[in-house]
Amino acid sequence: NTMNANDPLCAEWIMSCLKYWALDMQVDGFRFDLASSLCRGGDGQICNEPEVIKRMSNDPELKHIKLIAEPWDCSWPDGYLVG
């Protein structure tokens, strides 16, 4: 099950969840299963500049957090995308 992580509302929700776990619950990192799904749009195609990834990498409150991506994608036919 996946969601369109690059929809602005969904990206904001993901960021709110990450900040809650990182800041309030003191979690020091996250592992994203099938992380390549965070790089896809609502149509399932690869985004050139995924919104949620931009937000994660540019957020000053999350700069100390470890982000680990599960490095595979089972998409076909648009190809293999390492997360």
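Guide: We'll take the cysteines, then the salt bridges. First, the ground rules: this is a predicted model, where local features need pLDDT of at least 70, side-chain atom pairs count only at pLDDT 80 or more, and totals for chains, interfaces and linings use all residues. Residues are numbered from 1 along each chain as its sequence is written, and side-chain values use heavy atoms, with hydrogens and water left out.

Visitor: OK, cysteines. How many disulfides are there by the rule?

Guide: The general idea is that a disulfide covalently bonds the sulfur atoms of two cysteines. The rule asks for a pair of cysteine sulfur atoms within 2.5 Å, and here the count is 0 disulfides.

Visitor: On to charges. How many salt bridges does the structure hold?

Guide: In general, oppositely charged side chains can pair when their charged atoms come close. The cut-off is a side-chain nitrogen of Lys or Arg within 4 Å of a carboxyl oxygen of Asp or Glu. The structure holds 9 of them. One is glutamate 61 with lysine 19, whose closest N and O atoms are 3.1 Å apart.

Visitor: What does the pair of glutamate 61 and lysine 19 tie together?

Guide: Glutamate 61 sits in the loop between α2 (51-58) and β2 (66-69), and lysine 19 in helix α1 (residues 8-24), so the pair links parts 42 residues apart in sequence. Helices (H or I, at least four residues) and strands (E, at least two) are DSSP runs, numbered from the N terminus. Glutamate 61 is partly exposed at 38%, and lysine 19 is partly exposed at 24%.

Visitor: Where do glutamate 51 and arginine 55 lie?

Guide: Both are in helix α2, 4 residues apart, about one turn of the helix. Through shared partners, salt bridges join Glu12, Glu49, Glu51, Lys54 and Arg55 into one network.

Visitor: Are aspartate 33 and arginine 31 buried or exposed?

Guide: Both are exposed, and their salt bridge brings the closest N and O atoms to 1.9 Å.

Methods:
Buried means under 20% relative accessible area, exposed over 50%, partly exposed in between (1.4 Å probe, protein chains only).
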